[in-house]
Amino acid sequence: MTRKQVEGFFSTLQALNPEPKGELEYVNAYTLLVAVALSAQATDTGVNKATRALFQRVDTPEKMLELGEEGLRQHIRTIGLFNTKAKNIIALSQILVRDYNSTVPRNRDILETLPGVGRKTANVVLNIAFGEPTIAVDTHLFRVANRTGMAAGKTPLAVEKMLETVIPARFRQHAHHWLILHGRYICKARTPACDRCPVREWCNWPEREAKAIPGKAQSASRSRS
């Protein structure tokens, strides 16, 4: 994408949704950290269903340790990999109590040392809890960045680094929310809704016009075969 295209892309998304929000439910920085850790290989909807009752009871690492690993498992058993996630959350809660005065560190390197916390989780927490202009690259964002031509990369880290260079500073605070939501609801993996995409004119995906016109995609496919 050219700079003009990037500007148009984000200006359009900003006009449609000036203050985008993540879809995970949380109470504070600690419960956000827990929710994002639970969301790995799970949907936000599924995590929210599991954590609504949990966060009514548990909103600090001390309360999580009081609940214990088995108690936590009972709350999150509907989430994939819940055994491993429960173990990690208890372990990270112990570290927060012991080493960080029960607070979530505002530091990506430290966050990434916590059990079950990777770069994406750290970036989400820094962005939402602390207002840092970080870009958390999940599968939706990775797809949108590559498909549109905004930031082509073979790894999430490569895409993140490229996006940091091409996204104007005034959009960076909300950029990952706009991109994730766009990928989740419009620029979907198997059936992208190009016919109702508000940023189609800025997109460089070669198939966007065919996808936007019913029947044209099939005709285009047949003509290539």
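## Basis and confidence

Because the model is predicted, local features are given only where pLDDT is at least 70 and side-chain atom pairs only at pLDDT 80 or more, while totals for chains, interfaces and linings use all residues. Residues are numbered from 1 along each chain as its sequence is written, and side-chain values use heavy atoms, with hydrogens and water left out.

The protein has a mean pLDDT (the predictor's confidence in each residue, from 0 to 100) of 91, and 92% of its residues reach 70 or more. Over residues 215-225, however, the pLDDT is below 50, and this stretch makes four contacts (heavy atoms within 4.5 Å) in the model beyond near neighbours in sequence.

Cys197 lies in the loop between helix H10 (169-185) and helix H11 (208-212), where helices are DSSP runs (H or I, at least four residues) numbered from the N terminus. Cys197 is buried, at a relative accessible area of 16%, buried meaning under 20% (1.4 Å probe, protein chains only). Leaving aside residues up to four places away in sequence, Cys197 touches His182 and Ile186. Cys203 sits in the loop between H10 and H11 and is buried, with a relative accessible area of 9%; its contacts, again not counting residues up to four places away in sequence, are Met1, Thr148 and Arg208.

## Helix H8

Thr148, which Cys203 touches, is one of the buried residues of H8. This helix, residues 139-148, is mostly covered, with seven of its ten residues buried: His140, Leu141, Arg143, Val144, Ala145, Arg147 and Thr148. These buried residues pack against helix H1 (3-16), helix H9 (156-166) and H10.

At the start of H8, a side-chain oxygen of Asp138 comes to within 3.1 Å of the backbone nitrogen of His140, a polar contact being a pair of N or O atoms within 3.5 Å, of which, within protein, one must be able to donate a hydrogen and the other to accept it, and residues adjacent in sequence count only if both atoms are side-chain atoms. Just after H8, Gly149 adopts a positive phi of about 85°.

Technical notes: Helices (H or I, at least four residues) and strands (E, at least two) are DSSP runs, numbered from the N terminus. Buried means under 20% relative accessible area, exposed over 50%, partly exposed in between (1.4 Å probe, protein chains only).
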